[in-house]
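Visitor: I've got a structure open and a handful of questions. Could you walk me through it?

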Amino acid sequence: MLKKIKNDLNCLIGAIIILICRMPIKIIDHGSAQYQQMIALRMEILRKPLGLHFTDADLEKEKEDILIGAFEDDDMVACCILTKVAPDLCKLRQMAVHQKMQRNGIGHAIMQFAENVARDAGFKTMTMHARKTAEPFYEKLGYAPYGDEFIEVTIPHIEMRKKLI
Ligand SMILES: CC(C)(COP(=O)(O)OP(=O)(O)OC[C@H]1O[C@@H](n2cnc3c(N)ncnc32)[C@H](O)[C@@H]1OP(=O)(O)O)[C@@H](O)C(=O)NCCC(=O)NCCS
């Protein structure tokens, strides 16, 4: 019961942030102009700083995923991706907020949206490979470490999970 109240409260906070910022968060189509914006944002925030890039095969696989973007006017300012791992397990990937917009509650808002989408799609648990630098951000959203630290895309990561239902 308490958990449900906490979840509802978090959803409300997310909705208020979206309303105040007048920042629509929505599911976008693979291959669309918005998807091109998403790739550019992910390159800028996640890949370029590590000297990495996406392959065509990486992007092709995303046809199966749920792609989420937050917009200011028509510009994508944050994004994330949901990938089905098992019938009840969903993986959050490619979470990125535009450099100039970080620490303004946008990451929190897009996570609330993504969790609601995952719940509606019938997933019971969310997992992710979190960068160690982002671990406190996910902890604040109720995620807990799951297993040991490991290296991915050249930097330390930790798997984190949260029960959605
Ligand atoms: C990590 C990231 C997604 C967080 O999004 P954001 O919009 O900056 O975060 P928010 O403003 O919604 O922060 C929500 C809370 O988490 C905290 N927080 C956010 N990022 C944090 C960090 N790196 N370390 C510690 N706390 C953090 C905020 O201070 C805020 O706390 P509060 O509720 O007590 O005020 C964003 O900063 C980002 O894109 N970083 C670079 C790429 C990255 O690391 N992506 C994650 C890959 S796993």
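Predicted model: local features only at pLDDT ≥ 70, side-chain atom pairs only at ≥ 80, totals over all residues.

Visitor: Which residues are the closest to the ligand?

Guide: The ligand is surrounded by 19 residues. Helix 2, strand 4, helix 4, strand 5 and helix 5 (135-140) are the elements that give two or more residues to that shell. The closest residues are Q102, G107, H108, P136 and F137.

**The overall layout**

Visitor: What share of the contacts with a separation of 6 or more is between residues 24 or more positions apart?

Guide: For scale, the protein has 165 residues, and buried ones make up 26% of them. Among contacts with a separation of 6 or more, the share from residues 24 or more positions apart is 63%.

Visitor: Which element supplies the largest share of the largest nonpolar core?

Guide: That core has 34 residues, and those touching the most other members are I68, A70, A78, C79, I106, I110 and A114. Several elements supply at least two residues each, among them helix 2 (33-47), strand 2 (66-72), strand 3 (75-86) and strand 8 (155-163). The largest share is seven residues, and it comes from helix 4.

Visitor: What does I106 touch, not counting residues up to four places away in sequence?

Guide: I106 is one of the core residues that touch the most other members. Nonpolar side chains tend to be buried together in soluble globular proteins. With the residues up to four places away set aside, I106 touches M23, A70, V77, A78, V97 and M101.

Visitor: Why is strand 4 largely enclosed by the rest of the structure?

Guide: Count the buried residues, where buried takes 20 or more other C-beta atoms within 10 Å. Strand 4 has nine residues, and it is largely enclosed because the number of them that are buried is seven.

Visitor: In which sense does strand 4 pair with strand 5, parallel or antiparallel?

Guide: Strand 3 and strand 4 form a hairpin with two residues between them, and these two run antiparallel with seven bridges. On that side, K84 has C90 in strand 4 as its bridge partner. Toward strand 5, L92 is bridged to M128 and K91 to T127. Strand 4 and strand 5 have four bridges, and their sense is parallel.

Visitor: What handedness does the β-α-β unit have?

Guide: The unit is made of strand 4, helix 4 and strand 5. Its handedness is right-handed.

Visitor: Which residue in strand 8 does T127 stand opposite?

Guide: T127 is the bridge partner of K91 in strand 5. Strand 5 is also joined to strand 8 by seven bridges, and the two run antiparallel. In strand 8, T127 stands opposite R161.

Visitor: What is the phi of D73?

Guide: Most residues other than glycine have a negative phi. D73 sits in the loop between strand 2 and strand 3, and it is exposed, with 8 other C-beta atoms within 10 Å. D73 is not a glycine, yet its phi is positive, at about 55°.

Visitor: And T154, is it buried or exposed?

Guide: T154 lies in the loop between strand 7 (150-152) and strand 8. Its phi is near 75°, a positive value in a residue other than glycine. The cut-off for exposed is 12 or fewer C-beta neighbours. T154 has 8 inside 10 Å, so it counts as exposed.

Visitor: With which residues is P145 in contact, leaving aside its neighbours within four places in sequence?

Guide: P145 is in strand 6 (residues 144-145) and is partly exposed, with 14 other C-beta atoms within 10 Å. H129 is 16 residues away in sequence and 9.7 Å away in space, C-alpha to C-alpha. Contact takes C-beta atoms within 7 Å. Beyond its sequence neighbours within four places, P145 is in contact with I158 and M160.

Terms used: Residues numbered from 1 in each chain as written. Contact = placed C-beta atoms within 7 Å. Core = buried A, V, L, I, M, F, W, Y, C linked by C-beta atoms within 7 Å. Near = placed C-beta within 6 Å. Pairing = 2+ DSSP bridges. Right-handed = clockwise from strand over helix to strand, strands pointing away.
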